[in-house]
Amino acid sequence: MKNKISALVLVVMVCLQFTNCDKDNDVDIIDSVAVTVPVIKSKSEIRNSIAVTGAKSTNSDGKIYVYNDLLFYIAQNSGVHIFNNQNPESPQNLAFIQLEGVHDISVKNDILYADNFMDLVVFDISSVSSIQLLNVEEDMLTYYATFPDDISYYQSDIYPSNNDEFIANYTTVNMPRVVAEDNENIYNWTTEIFMFTDTALANNIGVGGSYAKFQIFNDALYTIDDYRLYTFDITDYNDISLTSTTYMQSWFGGELETTYILKDNLFIGATNGMHIVSLEDEFNPIYMSSFLHATGCDPVVVEGFTAYITVRGGNSCGAVEDQINVIDVSDISAPTEYSTYFLSNPYGLGVKDEVLYVCNDEGINVFDAQNPSEIVLENTYNSSAKDIIPLQSHLIAVGENVIHQYNYVGDFELELISTIQF
């Protein structure tokens with residue numbers, strides 16, 4: 001959950017000319033404070049920096065996406081790494097798409113759609129050796145930089161000065177907190193400070209992990225911001241249009257976090273539960289129902305008539321006790337709970353053939369989910385994974401700067417077959 005400004009609680013004197021912060025200027029340094037500072041970037045520079053290069057390593061946290069024999073690592077605020085994964089035992093790093101503002105991708109029929117801050121960017125990846133930029137739909141997406149966790153102070157006198165500039169992200173720096181005695185010029189250095197509180201492969205469409213915010217269904221591309229679902233017509237990738245904006249906040253509130261498609265329904269994980277949207281009319285989604293819980297961070301996946309939600313509390317996620325909710329969605333208009341399994345600090349998850357895979361701090365937990373009223377933990381594999389994609393052939397897990405691939409062995413066992421370490 002993103003931290004929101006709650007109140008203007010104090011003004012501190014920040015000395016920006018450190019060489020003058022001494023007794024000669026009648027200033028006493030009391031201590032230092034961690035101040036979150038907006039990072040301003042230029043839209044034109046971001047757009048001009050888009051490039052396709054050879055394989056590169058990364059040091060950025062990311063998501064995974066699979067399309068045919070290609071494996072994508074979406075390095076947040078960096079770019080998209082593309083691997084030939086025809087042989088999962090030996091994936092080959094092929095290419096890198098430089099996109100400073102990327103967070104999610106979707107692929108259909110060799111056309112890759114990605115966000116680049118507020119732009120929707122389109123590439124032809126039919127030949128990975130010669131990827132082509134096809135289209136940049138400028139200012140088509142909503143983008144708001146996310147505050148880091150545990151913010152105490154914010155420097156509010158840094159902001160975009162023209163329409164080409166925007167707040168791309170935030171950085172936290174230590175600044176001295178001082179008390180001015182008699183020097184009125186110190187007040188020219190004053191900064192106001194705010195206190196913060198707290199599947200589709202058969203249709204030649206790729207598949208993402210449980211934290212995905214981009215989804216494609218037929219000729220529609222869906223994405224979310226905190227409170228809205230956006231639907232785009234991608235019939236012509238050179239002329240993409242927004243067909244509908246669905247305001248989800250009116251349906252019991254909560255911030256939208258993740259998306260998952262099964263058949264013609266879109267399942268949205270939100271901080272207050274799971275929302276179900278019908279895609280019968282792909283360009284005009286219709287809200288159907290919700291399953292609500294206390295505030296927490298929660299991706300959702302679905303198999304058959306059963307949905308699985310991991311709910312994590314702590315930090316900015318909320319005070320809810322960590323758990324897995326198993327939900328009956330046989331009546332899409334009235335989801336009901338089968339059972340709850342309490343599991344410490346769960347993250348992403350996936351399900352295949354009534355076997356549920358859940359990432360948490362202990363590793364990858366493997367559950368027998370044949371009886372949704374009582375799922376049973378069968379195995380735990382040591383891993384730093386935060387999300388997974390259980391393919392028919394094998395399972396792919398992603399952690400910070402690492403991708404693990406596993407073979408299915410027996411009913412509830414995994415065998416590590418390769419690791420990509422960045």
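## Overall make-up

A residue is called buried when its relative accessible area is under 20%. By that cut-off, buried residues account for 55% of the 422 residues in the protein chain. The structure is a predicted model.

The protein chain contains 1 helix and 35 strands. Its exposed surface comes to about 18,300 Å², and carbon and sulfur atoms supply 45% of that area.

## A sheet of four strands

One part of the chain forms an open sheet of 4 strands in the order β16-β17-β18-β19, and the pairing is antiparallel. At the edges stand β16 (215–217) and β19, each with a single partner strand, so one side of each has no neighbour in the sheet. On average, neighbouring strands of this sheet are turned by 25° against each other, direction ignored.

On one side, β18 pairs with strand β17 (residues 220–224); the two run antiparallel and are joined by 5 bridges. They form a hairpin, with 3 residues between the two strands. Within this pair, T223 stands opposite Y230 in β18.

β18 also pairs with strand β19 (residues 241–247), again in an antiparallel arrangement, through 6 bridges. Two positions show how β18 and β19 line up. R228 is opposite Y247 in β19, while D233 has S241 of β19 as its bridge partner.

Elsewhere in the chain, T310 belongs to strand β25, which spans residues 306–311. Is T310 buried or exposed? Its relative accessible area is 0%, which is under the 20% cut-off, so T310 counts as buried.

Which residues are in contact with T310, leaving aside its neighbours within four places in sequence? They are C297, D298, P299, Q323, I324, P346, Y347, L349 and V358.

Conventions. Residues numbered from 1 in each chain as written. Predicted model: local features only at pLDDT ≥ 70, side-chain atom pairs only at ≥ 80, totals over all residues. Heavy atoms only, no water. Buried < 20%, exposed > 50% of the residue type's maximum accessible area, 1.4 Å probe, protein only. Areas by Shrake-Rupley, 256 points an atom, 1.4 Å probe, with all protein chains shown as cover. Contact = heavy atoms within 4.5 Å. Pairing = 2+ DSSP bridges. Axes fitted to C-alpha atoms, helices over the stretch in contact; angles between N-to-C directions.
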